[in-house]
Each structure stands twice: as C-alpha cells, then as structure tokens.
Amino acid sequence: MKNRDIDLAALPRWPAAFNQVPKWVFEDADVFELELDRVFRGPLWHPVAHDAELPNVGDYKTIKIGRTPLLVIRGDDGQVRAFHNACTHRSTKLAMAFRGHSGDIECPYHRWVFDTRGQLRACPGEAEFPPDFKRADYNLAQLRCESFTGLWLVSLNANPPPLMEWMGDLAQPVRDALGTDGRLTLLGYQKVRYQSNWKVYIDNDAFHAPLLHAAFRMLRWQGGSGSQRRLPQGHMMILSELDAQPTDGGLLRDPSVIGYLGGDAPRNKSPGQAAGSSLLAFWPLTAVANHLDIFNIRYANPVGLDEVEVHYAYFAHADDDADLARHRLRQSSNMIGPSGFVSLEDATVFLRIQQALETEPGTTFFLKGWHEGADLARTKQNDEAPNALWWEHYRQVMSFERAIS
C-alpha cells in the first residue's frame, strides 16, 4: 500500500526564510502522493468518531483517511473497533452508508459474513477452499484504535507513538472542549467539499478572522484576550475570548442564537475561560472546536490534490435540558459551519487561493507576529506567524530540504 517514491532532489528547495512557504507544495501531484504515505499513513493518530456517533451495539460509521476507507463499529461486546472497509476475500467495499446499524456485516459479492468484532463467521463454498483455509486468517483487517474523552482515534501506522504522548499539551484543552467528560449526544452533521488543496484549508490562520468575516466584527468576536499555541507534535490550539457578550447590532430577527449560556453545568470552556472559542487542530488535519455553546468536531480528509472534504459534527451534552440542547442545535446550524454566518466566506477564499497558485511570487508569507527570534510557540490569538511552525513540522515529515540563505 505504499505510494511510488519520488525524486526529492528534483523538487525546488524549500525557501530559506522560515516565514515563507513555496506554492509548489500545494499543486504538485507527486508531493500529494508522498503526503498520503508520510503524513496520512505516518506514525500518528487520526480522530475518526465520537462515542455519541456510535451509541449502540452495532452502530457504525464509515470514514476515509487519505485513500483508505475505514469502518468504525461498536461491537456486540460494547467495544469500538476500526477496520479496513473491505472484504478480506476480494477486497470488496463492505459498508457504503455514512452511518448505519448492523448485526453481521455481509459482503454483497460472495456473501462472506463478518460479525461486529470483525471475525469471519461464514463463507459459502468453504468445503472447496484449500485444505489449510482457516476463517481466523481472514478476519477484517483491524487498526490501532484508542479513545480519549469519548473521541476515538486510529492509526494506519504499525508503530504510532503512545496516544497521550502524541497529544501532549493538547489533551486538556480537548477534554475541556468536549464538555470535560465527553458525555455528548449527537445533534447532526454538515458536510462540504472545499475546492482547494487540504493544506490551503488547514492553513486557515487566526489572523484573517476579524478582517475577512464581517460577522466577527459585528459580533465583536475575538476582541478580548486570548492566546495561540503550536506544539512540537504539529498540533495547534487557539483559545480566544470575547470582550463582551455578543451582540447582533439589530441584524438578527432572533439574537438569542448567538447568546452564551454556558457555565458550570455542564461547563463549555476550560475553568476560568469566558465566552469565546477553542479551536484545537490535531496534526495534520482534524479539529475540535468549541465556539460559544457549540461542541464541534471537524473530520477532514483530502479527496484529491485540489479538493478536501470536511464533516462538521455537532453535539449537545448528555446533561443538557431540552432548551439548552435546542440552543446548541440552532447555534451550531447557523454560526460556524460551511454556510454559517460567521465563516461562510472561507470556501470562496480557499478557492481563490487555489486558483492563484500559478503566480509570482512563488511563495506565500507569514508576517503578523513575525520577527527574527520570535517565540512562535506562544503568541497572540490573531497572529499568523505561528503557522510557520506547522509548516516546519510538515517540511521535516516530508524530508524537504531548505535552501541555504
């Protein structure tokens, strides 16, 4: 399952300046093939589901990491497992629905039947198979799968680092952003395909928010204190606050949709954090977001060189009363998804970046918060210079050589 090797020496050198990124990295097909191997099948973890998406035995979800289709299912023993979504006989894709419920999993091609633990239970014509055939040799191919605060993560790599070691300082903010205990219930999804390279999507830095998004200005979003951190594992976290309770300026028929009701029962933020947001991006792509009263996981995956698919999953807390759950649903539906009034301009900007890659200069620049010797690991919430740390981690993972200044 390895992608073809490419001649790294034939690629242009990475810019010498630490705050520059070459445009060729967004549009080179060979680079994309190498990313599938070194990044998406590398020694790291990918969030794929939350307990709230698989509440009952037999509930399943399908998702892709790179080009690899996965089946995530809660077995009859209550355990969540992740399998390659393919029959071990002739590699027929098993589950086609995004989510569903199943007892046994039957392949439509030759009627091989697997149970919810991935074990092969029946295969017609078995009497005529080779004498050494054993069903146990053909169980579904299972991946490493571990849970943190109800969030299930998998690795396509045989030797990923220990999960908590890999999460590092991201762990506690993620716990806070998932209601501190992960006891969530699913509200629903919004799904979108952005017409851009996956790195254009994840390079969506904090600096643009008050400049591009009119709703940010109207709501006085991110006018208060906050911070941004970049971690050695490549993760990003932005913890921001509002300088006052959001106001709609008379633009909304029902301004309650942007109200902040969170607090101690259940808490929506980390202790001491006021109304605002937490944006916590796992390396390389998927994120947990907690804006105002919204619990949101953004599962993202590259579809191709110039297309990325994002599933916005929204949740309530298990202890919410009906009114709070409805408030979370209305806020989730209207504010931060692909058509949310806070972030709806993003898709257009991603496309415009993708369409302008064949231009000069041949690099993009991170400037706000940048100077020689700056500590980019801890900065203001709206600085863009910390993006350079994400890219340095990427450059090292990909083994791209930096030019000599």
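Modeller: Let's start with one side chain: a polar atom of the Asn85 side chain lies 2.9 Å from the backbone oxygen of Ala95. That is a polar contact, meaning a pair of N or O atoms within 3.5 Å; within protein, one must be able to donate a hydrogen and the other to accept it, and residues adjacent in sequence count only if both atoms are side-chain atoms. Before going on, note that this is a predicted model, where local features need pLDDT of at least 70 and side-chain atom pairs count only at pLDDT 80 or more, while totals for chains, interfaces and linings use all residues. Residues are numbered from 1 along each chain as its sequence is written, and side-chain values use heavy atoms, with hydrogens and water left out.

Biologist: Where does Asn85 sit, and is Asn85 buried or exposed?

Modeller: Buried means under 20% relative accessible area, exposed over 50%, and partly exposed in between (1.4 Å probe, protein chains only). Asn85 is in the loop between strand 5 (80-84) and strand 6 (99-101), and with a relative accessible area of 1% Asn85 is buried. Contact means heavy atoms within 4.5 Å. Leaving aside neighbours within four places in sequence, the contacts of Asn85 include Thr62, Pro69, Leu70 and Thr92.

Biologist: Now helices. Which residues of helix 8 are buried?

Modeller: Helices (H or I, at least four residues) and strands (E, at least two) are DSSP runs, numbered from the N terminus. An α-helix has 3.6 residues a turn, so residues three or four places apart point the same way. In helix 8 (residues 346-355), the buried ones are Asp346, Phe350 and Gln354. Seen down the axis of helix 8, these buried residues fall within an arc of 75 degrees (taken from the directions from the helix axis to the C-beta atoms), so they line one face of the helix. Arg352 and Gln355 are exposed on the other side of helix 8.

Biologist: And what covers the buried residues of helix 8?

Modeller: The cover includes strand 12 (184-194), helix 4 (198-202) and helix 5 (209-212).

Biologist: How many residues of helix 1 are buried?

Modeller: Nine of the 12 residues in helix 1 are buried, so this helix is mostly covered. Among them are Val31, Phe32, Leu36 and Phe40. The buried residues of helix 1 pack against strand 2, strand 3 (59-65), helix 4, strand 17 (295-304) and helix 9 (387-398).

Biologist: Which way do the residues of strand 11 point?

Modeller: In a regular strand the side chains alternate between the two faces of the sheet. In strand 11, Leu151, Leu153 and Ser155 point one way, Trp152 and Val154 the other, and all are buried. Five of the five residues are buried, so strand 11 is largely enclosed by the rest of the structure.

Biologist: Which residues lie on each side of strand 16?

Modeller: Ala287, Ala289 and His291 lie on one side of strand 16 (residues 287-291), with Val288 and Asn290 on the other, and all are buried. Strand 15 (residues 276-281) joins strand 16 through five antiparallel bridges, with Leu279 opposite Ala289. Strand 16 also pairs with strand 17, over three bridges. In that hairpin, which has three residues between the strands, Leu292 takes a positive phi near 45 degrees.

Methods
Two strands pair if DSSP finds at least two bridges between them.
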